[in-house]
Amino acid sequence: MARRRVAILISGRGSNMAALLEAAKAPDYPAEIVLVAADKPDAAGLKTAEQAGVPAAALDRKGYDSREAFEEALDSLVRASGAEIICLAGFMRLLSADFTERWRDRLLNIHPSLLPSFKGLDTHARALAAGVKLHGCTVHIVRPAMDDGPIIGQAAVPVLADDTPDALAARVLTAEHRLYPLCLKLYCQDRARVVEERVRVDGLSAETPLLMWPE
Ligand code: GRF
């Protein structure tokens, strides 16, 4: 199967992007990262992408009069790269229903909680405040509502008695770096498909669990 062409959108440090770039180095990985784009020129991940030899571009939101104009430019940039799939990886801007529908079922996101719990920001502090004992991250297909859409996979981590938001975030982030490459792989192999607004995954094995548990 030909490698699928993927664009990654970031806003900051880009550690999930780096995990996807690393996975895509393997010759048998089913995706090729053809573009990294950021909505901020100073997004640190842009340098990481350049160093990895991947085309990287910044579209400064401040340079556009409206969200529509910004998204139009973003859409053109992604299409020009030949990407057929977009992965949001710490992209901190809400995309319009128009954009998400244009990329329907071809737009993936990673969120740092076990959705549908803790949509939105500050997920780790809110998980601690709620006293949950299990927390984690989710890779899902994007729908217009925030942090909503069919779930491809999740990774769970324990919440420990003395956790701070930073300590918990670091544990979740390690899980994110494993989960996103796995989910993108299944998606690109056409093994994770949306059926009646749920993701159905074919050929699961012990090697590819879609819920990763604490090790
Ligand atoms: C991650 O925790 C991701 O789940 C969330 O934003 C953070 C981005 O981190 N959407 P990074 O830029 O990938 O390091």
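L108 sits opposite I141 of strand β6. In this predicted model, local features need pLDDT of at least 70 and side-chain atom pairs count only at pLDDT 80 or more, while totals for chains, interfaces and linings use all residues. Residues are numbered from 1 along each chain as its sequence is written, and side-chain values use heavy atoms, without hydrogens and water.

Strands β5 (residues 107-111) and β6 (residues 134-141) run antiparallel and are joined by four bridges. Helices (H or I, at least four residues) and strands (E, at least two) are DSSP runs numbered from the N terminus; two strands pair if DSSP finds at least two bridges between them. The open sheet has eight strands in the order β3-β2-β1-β4-β5-β6-β7-β10, and its pairing is mixed. β3 (56-58) and β10 (211-212) are the edge strands, each with a single partner strand, so one side of each has no neighbour in the sheet.

The largest nonpolar core has 47 residues, of which V6, I8, V36, I152 and L184 touch the most other members. Such a core is a set of buried Ala, Val, Leu, Ile, Met, Phe, Trp, Tyr and Cys residues joined through side-chain atoms within 4.5 Å, where buried means under 20% relative accessible area with a 1.4 Å probe, protein chains only. Helix α6 (residues 165-188) supplies the largest share of this core, 11 residues. Leaving aside neighbours within four places in sequence, I8 is in contact (heavy atoms within 4.5 Å) with M17, L20, I33, L35, V36, A37, C87 and A89. Another core, of 20 residues, lies apart from it and includes L9, L74, L88 and V142.

How values were computed
Buried < 20%, exposed > 50% of the residue type's maximum accessible area, 1.4 Å probe, protein only.
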